[in-house]
Amino acid sequence: MAAPSQDAGAIASIPALLDRNAKRFGNKPAYREKEFGIWQTWSWAEAKEEIEALALGLINLGVQPGDFIAIIGSNRPHLYWVFPAAQMVGAIPVPIYQDSAAEEMAYVLDHCGARFVVAEDQEQVDKVIEVQDQLHQFEHMIYLDPRGLRKYDHAKLHEYAHVQAMGRAAIDELTPELTARKSKLAYDDVCVMLYTSGTTGKPKGVVLSNRNIIETSKNSSEFDSLGPGDEVLAYLPMAWVGDFIFSIGQAMWTGFCVNCPESPETMVTDLREIGPTYYFAPPRVFEGQLTNVMIRMEDASKFKKRLFDKYMAHARKVGGKILDGESVSAGDRFKYWLGNLFVYGPLKNSLGLSRVRVGYTAGEAIGPEIFHFYRSLGINLKQLYGQTEASVFITQQPDGQVRSDTVGVASPGVELKIGDNGEVYYRSPGVFEYYYKNEESTKSTKDAEGWVATGDAGFIEPDSGHLRIIDRAKDVGKMANGALFAPKYVENKLKFFPNILEAVVFGNGREECTAFLNIDLNAVGNWAERHNLAYSSYTELAGHPKVLEMMKGHVEEVNASVAEDEMLSGCQVHRFVVLHKQLDPDDGEITRTGKVRRRTVDEKFADIITALYDGSEEIATRTEVTYEDGRKGYISATLKIVKAKTVPASAPKAVAAE
Amino acid sequence: MMDAQPAEGFVTADGRKIGGVVMEMKNITLRFGGVVAIKDISFDIREGEIRAIIGPNGAGKSSMLNVISGFYVPQEGEVIYKGQKRPPMKPYEVARQGIARTFQNIALFEGMTVLDNVMTGRLNYMNTGLLSQAMWWGKSQREEIENREVAEKIIDFLEIQNIRKTPVARLPYGLKKRVELARALAAQPSILLLDEPMAGMNVEEKEDMSRFILDVNDEFGTTIALIEHDMGVVMDLSDRVVVMDYGRKIGDGTPDEVRNNQEVIDAYLGVAHD
């Protein structure tokens, strides 16, 4: 690969990209944030001035090359600026999930030995102060929002604006130092350290180099021809690798504008106001939006509802084909054009997706219904497959080759191979350097030739070359009769029902499969309202006989669909319970990115699992819950065990195999 | 009155500045026909403090607040505000003097958006005429932008950005209370009167509201006088507490002093009155 290494001479770091952008794009908007009801804008030149002032301030505070600077907060330009500012002075930025409890934060802060923390507001400052005694290397904390912090002891606390002011005051004195440190930044230096959410065990610090980030950003930007005119809305956690690549890597590489919402609650309005051209969301966001649309259409007038149904049916028929550039009759095109005028256009506009040129979803499997709904509206939604260790991109779908059941072809510069056990391996310029202070894991994940094990089982479709992921490799097991057990496969099918938020399937080494279900309070609550079902709590709604009946219907539908797959027909769900509480990251049952931690669930709900297999009709249980502020409480409930019909595996398949 | 606090002001243990007396109630008596709602009550409010008025039902707390806000004119006694005796005046005149309030039963414009409601709190800062505002040109445009800025800062402060454009009628009770606080704050009052700010709220909403009251006091230095039923909240929030019972003042002092006052304990535990 000649091209990137040529770049390497000129641009070896994010700060170097910042300099380039400030020169090349000068007054073009680089960052926007809605504050006080107005979008505030910083151009690339202004952003550079702010970032350098902060960098000087950091030197002034005593930041040394090699120090770790933790960043905790929601998506705001000032916090994004900490990344290049830290890099400029030779430090390593470490973003941390802002909704972590203090204890989780303590682990990460202690593991990387952060000397400095940049926190958004009082809430985050309080969490760090709570655990600071456990952090031997912690020295100073910088906060962005001074509200409520005036009375705090300021021996170790500094206001962000004040740090910048000190930097500006010392500009003559410290600029030579900054220039010297900046000039030392090399292509193989550490760019950022990101902690994986960790479905098993403690989070691991993934070290990514400038090379990883810059080459990945370059390749992926070229893949979708992203340019300086694009707009993104930055609303996903800054600690997540995806946000780092989109809002920092690609933004710096292409010079597009990063827009930050006013608050998480105003996301929908802000999305509509900005109208991003490049948009990323995990499946749950798309699901949530679709559920909202459907709920509102239920309440719409008869005429509108009919118009919506009629044109959506047409969109489902031809929308995807038009998007993929396939041939569609002139009549259908005209009808689609009309539909766009009356239904799709206004709908896209109200979703804030009118201008989306490239949309991605990843992280989890997306339901085919949901996926096709957005595609049929004319939104170019695609799937990608990636992980922190790869600087995101492993595979992605090129325009025109988009399908709901694959994750696409290898991204530019990525090589793929499938191991003997079916596990997917990849090698790319984005492959991480190492896990921080964890040589053992580094060795077991990345081999000497640079191949990285994804931990996912999958296969490459021979005719299309697309990768299909079945499940986590370690979760794939065998049932007692030797049949293949792939829980995720069944769980995804269950979760495609809007009423089911989360599902956990058991059955490894057992005769039959069983499942836990979580209802989606939004969807089921609305359904209950329309059917005049009264309920006073989540637990009560989840245990309502009518809800159980509905869930039973969903499970049986899934069983029928699972039975069609010869290999996996043994994974049909025989019995299930609807859990009395939502699986929650605060309780450790799912990760901050929403993946089920099976071991925790197995341990915590062992009594319910036993009941699923010992023939009980119901089970009385008591579960510990953790509130947002860290306090503990208990929920007690009696759960009914529901039996679902299964389709005999020996039944002849309705559709002949290809 | 027993008052160990220095007249010229002091700094509290948690670093807030409490100034001199900003308002003084002197021997206030308020009657409605034959009913004596307030009987010869005196107390003062210092600049920058949170001053609570508590008491059982029918003790005369709301009447007291209405006297401060100018809605009721007491038959006897005087109100001294910023060193001057206040003549009987209309509530809007009192508002112009820098006293804003919220109501026990929310009194917002239900059909208007949150933002518009907050903007009404800026009314006393708008001087251009109706016609000029309708034309939205020159001075009136500048004026609206300035006032909008203040309103937006308060919306940001109280974290109600997401309902900025939502009509008040659609909001749940707890949020309406917060909007009312926002409107009162928009007037940038020197004294803020809160009439049962936590009434009808659940624990979480109460915690939020308490946080906001403390933050308002801390951040803007606003003097706050509040009436509240929830004893726990009052004791946690306030610097000094006046306790009323049957129109009389039966206690006055710091929360600790009041808590240990026998007469107060009796009033709350319900000792038989003669």
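Colleague: Let's start with chain B. How many residues of domain 1 are in contact with domain 2 there?

Modeller: Ten residues of domain 1 of chain B are in contact with nine residues of domain 2 of chain B. Keep in mind that this is a predicted model.

Colleague: Which elements supply at least two residues on the domain 1 side?

Modeller: Those are α2 (91-96) and α7 of chain B. The largest share comes from α7(B), with four residues.

Colleague: And how do the residues of that side divide into nonpolar, polar and charged?

Modeller: On the side of domain 1 of chain B that touches domain 2 of chain B, seven are nonpolar, one is polar and two are charged.

Colleague: Where do the domains of chain B run, by the way?

Modeller: Domain 1 covers 1-98 + 190-274, and domain 2 covers 108-188. Their C-alpha centres lie 27 Å apart.

Colleague: OK, switching to chain A. What domains does chain A have?

Modeller: Chain A is divided into domain 1 (2-280), domain 2 (403-471) and domain 3 (477-643). Taken over C-alpha atoms, the centres of domain 2 of chain A and domain 3 of chain A are 30 Å apart.

Colleague: How many residues of chain B are in contact with chain A?

Modeller: Twelve residues of chain B are in contact with ten residues of chain A. On the chain B side, the elements giving two or more residues are α5 (139-157) and α7 (203-220). The largest share, four residues, belongs to α5(B).

Colleague: How many bridges join β3 and β4?

Modeller: Strand β3 (residues 21-32) of chain B pairs with β4(B) over eight bridges. For one residue, Ile28(B), the bridge partner in β4(B) is Ile41(B).

Colleague: Last one: where is Gly20(B)?

Modeller: Gly20(B) is in the loop between β2 (17-18) and β3 of chain B.

Colleague: Why does Gly20(B) count as partly exposed?

Modeller: Because Gly20(B) has 16 C-beta neighbours inside 10 Å, while buried takes 20 or more and exposed takes 12 or fewer.

Colleague: What does Gly20(B) touch, leaving out residues up to four places away in sequence?

Modeller: Gly20(B) touches Ala7(B), Glu8(B), Gly9(B), Arg46(B) and Glu47(B). Also, its C-alpha atom is 8.5 Å from that of Ile45(B), 25 residues apart along the chain.

How values were computed: Residues numbered from 1 in each chain as written. Chains lettered and ligands numbered in written order. Predicted model: local features only at pLDDT ≥ 70, side-chain atom pairs only at ≥ 80, totals over all residues. Domains from an automatic or database assignment. Pairing = 2+ DSSP bridges. Contact = placed C-beta atoms within 7 Å. Nonpolar A, V, L, I, M, F, W, Y, C, P; charged D, E, K, R; others polar.
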